[in-house]
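Please look over the sequence and the model shown here before reading on. The briefing that follows is arranged by topic and is written for someone new to this structure.

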Amino acid sequence: MFELESHYNPTGDQPSAIKKLVDGINHDKRYQILLGITGSGKTYTMANVISQVNKPTLILSHNKTLAAQLYNEMKSLFPNNLVEYYVSYYDYYKPESYIPANNVYIAKTLKINHDLEKLRMGAIVALLRERKDVIVVSSVSCIYGIENPQQFKKAQLLIKVNDTITQDDVVISLDNLFYENKNEELKHGEYRIRRNTVDVFVSHDDIIFRIKFGNNRVESIQHLDPLSGDIICEETEVVIFSTKLFAVTKDTLEENLKEIEKELEERVAFFKSIGKNDEATRIRERTEYDISMIREMGYCSGIENYSRHFERRKEGERSSCLFDYFPDDYLLLIDESHVTIPQLRAMYAGDRARKKNLIDNGFRLPSAYDHRPLRFDEFETFTHKVIFVSATPGKYEICKSGNDIVEQIIRPTGLLDPEIEVRPTEKQLIDVINEIKKRIVVNEKVFITTLTKKMAEELNDFLIEHNIKSQYLHSSVKTLDRVKILENLEKGITDVVVGVNLLREGLDVPEVSLVIILDADKEGFLRDVTSLIQTIGRAARNVHGKVIMYGDFITHSMKVAIEETLRRRTLQMQYNQNHSIIPKTARKVAKTNLLVERMDNKVNFDIDERIIKKMSVKEFSGLKRKIKNEMLKASKQTNFIKADKLKEKLDILLKIRTKKDKTQSE
């Protein structure tokens, strides 16, 4: 059962919204909408629905940062349940591609974030356990192909106390699951042999299992703390999963490879029949190399492109994905659905276009098409009980739900939607500077949204020339730099952030009391009703919230956005009056503030080589344990930058200590 822990009780619109959504699910409504405005506590409502419905839940977000924020919030609300994080595990990823016009082949390049890889594997294993109390917070990577659950279940090792099995047999099984044999300190996906024991650091969790053998049987299984090495508890059995998806099991290996070889011969014959001898040679060389690697290692770079053969799928049949790991009766919450749904629609076509060039020019076999993200119609087959969550639901959501919209307009804090003023564009920059200075005097902050990156950068330069502390923010700015820019705004290092559409969903900075929308009368993507309402919402966290739109006439989108904001403002004012509420500026809770946490990378361990060398063994072990604990804490908070810095510090400490021990021994 889900156990929701919170110091708060549902207030405002929340009790009504929770009841309607839960009743809808219990009465088998397939689609519902939670229209929750900024600051109304949508996440808390979602958590209450999850708790009452008690079904495995997937929360789908359109980007990693918001997914991480939701993950942290759900983790704090459900500390005793399985809350998992499933996003792309790459810090950097450039897919394999070919540009025919320039005859340029670009090999796949990537940098895997092993912490994210562990979290992804943890989500898969949590679902395989078939517990109801599982929440997976995911980006749209959940529609991308992974190994099917049945195949992945085969790649596991079940060990029980008193099993008749030798230490060598277990080691062979671990090798087949792609665990690496290491004699030093263990990392995820590694094992260590010590006399009659095998220590295994599982790939999906921060757990080491110590398996002790005697008389060709398993004597005991201990669960160890990976940092201290202390015994946490005794286990009667343990399941160890493969470290890799798409790993090939030996029992079907040759059969799978024969299918690949058959397709290869057909493809070579096709290329030769149309006079493409270079392509025929290329596909033969590349595929035969992959086959030799799979036969020898059980794995190769790009093995996912052959997944159709390993899974015995028909041509055109979709890949398995995260949805296949969920039971049929699960709950799907799509956060910021007006953005997430269009993103889901676009994935398939982009992937196919890239692969078409590779396949047509002999870089990949046609079966590579069948390792792909879901088509949108395939995604819809997994939508059985869905709640779309958005302040501005799109046409798709409204159509699917049949206007079955649950509104959550009232903010428990009493904060009103901001006042909106439309001003002419003449002398607007002078006016903008005057308005910014008014906010700076009272220590409040400003968002300015432009139509293009170039405009954002030029306006930022203009503000700096007028002695205003400003920074620009758009898609060309690195993800972690974006976080730092917003942190600077919160801390008062800067007063203004100038951006494009990135100032919309999820950027809730209570210090911002003024949002300026330039070119508000330029009807289009960034100035449609949805964009305007989302942008207006950025000023709804501050009691002095105000929006100034600069435009020479009022467009249809401006009119609708202004009227809807006024409607919500009026409802909140009436609620405040009825309940004697005085609005106060929202304040963030530090432990769930991902924008701050992810950049809190200061490492407070000074390394003085002389002091380290003088430490006793006990003192050094204590320092090492302290750093490891901080590493684990940072990793659990998804603050991988800080964790990496701590790891670097630890490596330096160990080198200093090793150097000292070596000197003493000499």
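**Briefing on the predicted model**

In this model, which is predicted, asparagine 103 sits in the loop that runs between β5 (97–99) and β6 (104–106). The chain as a whole contains 21 helices and 25 strands, and of its 666 residues 53% count as buried. When contacts between residues at least 6 apart in sequence are considered, 74% of them join residues at least 24 apart.

**Two residues with a positive phi**

- Most residues other than glycine have a negative phi.
- Asparagine 103 is not a glycine, and yet its phi is positive, at about 50°.
- Asparagine 103 has a relative accessible area of 56%, and it is therefore exposed, the cut-off for that class being over 50%.
- Phenylalanine 178 likewise has a positive phi although it is not a glycine, with a value of about 70°, and this residue is placed in the loop between α6 (167–176) and β10 (180–181).
- Phenylalanine 178 is buried, because its relative accessible area of 17% falls under the limit of 20%.

**The pair of helices α7 and α8**

- Helix α7, which covers residues 253–273, packs against helix α8, which covers residues 277–297, at an angle of about 170° and with the two axes 8 Å apart.
- Angles over 145 degrees count as roughly antiparallel, and so α7 and α8 are roughly antiparallel to each other.
- On the α7 side the residues that make this contact include Leu253, Leu257, Ile260, Glu261, Leu264 and Phe271, while those on the α8 side include Asn277, Ala280, Ile283, Thr287, Ile291 and Ile294.
- Sorted by class, the contact of α7 with α8 comprises 10 nonpolar, two polar and nine charged residues.
- Isoleucine 291, which belongs to helix α8, has a relative accessible area of 5% and is therefore buried.
- Apart from neighbours within four places in sequence, isoleucine 291 is in contact with Leu257, Ile260 and Glu261.
- Isoleucine 291 and leucine 257 are 34 residues apart along the chain, and their C-alpha atoms are separated by 6.8 Å.

**Proline 373 and tyrosine 348**

- Proline 373 is located in the loop between α10 (337–360) and α11 (376–380), and tyrosine 348 is located in helix α10.
- Proline 373 counts as buried because its relative accessibility is 0%.
- When residues up to four places away in sequence are not counted, proline 373 touches Ile143, Tyr144, Met347, Tyr348 and Asp351.
- Tyrosine 348, with its neighbours within four places in sequence left aside, is in contact with Arg372, Pro373, Leu374 and Arg375.
- The C-alpha atoms of tyrosine 348 and arginine 372, which are 24 residues apart along the chain, are separated by 7.0 Å.

**Glutamine 150**

- Glutamine 150 is part of helix α5, which is made of residues 149–154, and at 55% relative accessibility glutamine 150 counts as exposed.
- From C-alpha to C-alpha, glutamine 150 and tyrosine 325 are 9.4 Å apart in space, while in sequence they are 175 residues apart.

**Cavities**

- The structure holds three cavities of 30 Å³ or more, and the largest cavity has a volume of about 70 Å³.
- The largest cavity is lined by 13 residues, of which Thr38, Asp417, Ile533, Gly537 and Arg568 are the closest to its centre.
- Helices α16 (529–536) and α17 (556–578) each supply at least two residues of the lining of the largest cavity, and the largest share, three residues, comes from α16.
- By class, the lining of the largest cavity divides into five nonpolar, four polar and four charged residues.

Conventions
Residues are numbered from 1 along each chain as its sequence is written. This is a predicted model: local features need pLDDT of at least 70, side-chain atom pairs count only at pLDDT 80 or more; totals for chains, interfaces and linings use all residues. Side-chain values use heavy atoms; hydrogens and water are left out. On a 1 Å grid over the protein atoms alone, a cavity is a set of points where a 1.4 Å probe fits but cannot get out, and a pocket is an open set with protein on both sides within 12 Å along at least five of seven lines; lining residues have an atom within 4 Å of a point. Grid points are joined across faces, edges and corners, and a volume is the space filled by probe spheres set on the points. Helices (H or I, at least four residues) and strands (E, at least two) are DSSP runs, numbered from the N terminus. Ala, Val, Leu, Ile, Met, Phe, Trp, Tyr, Cys and Pro count as nonpolar, Asp, Glu, Lys and Arg as charged, and the others, Gly among them, as polar. Axes are lines fitted to C-alpha atoms, for helices over the stretch in contact, and angles run from 0 to 180 degrees between N-to-C directions. Angles under 35 degrees count as roughly parallel, over 145 as roughly antiparallel, 65 to 115 as roughly perpendicular and the rest as oblique. Contact means heavy atoms within 4.5 Å. Buried means under 20% relative accessible area, exposed over 50%, partly exposed in between (1.4 Å probe, protein chains only).
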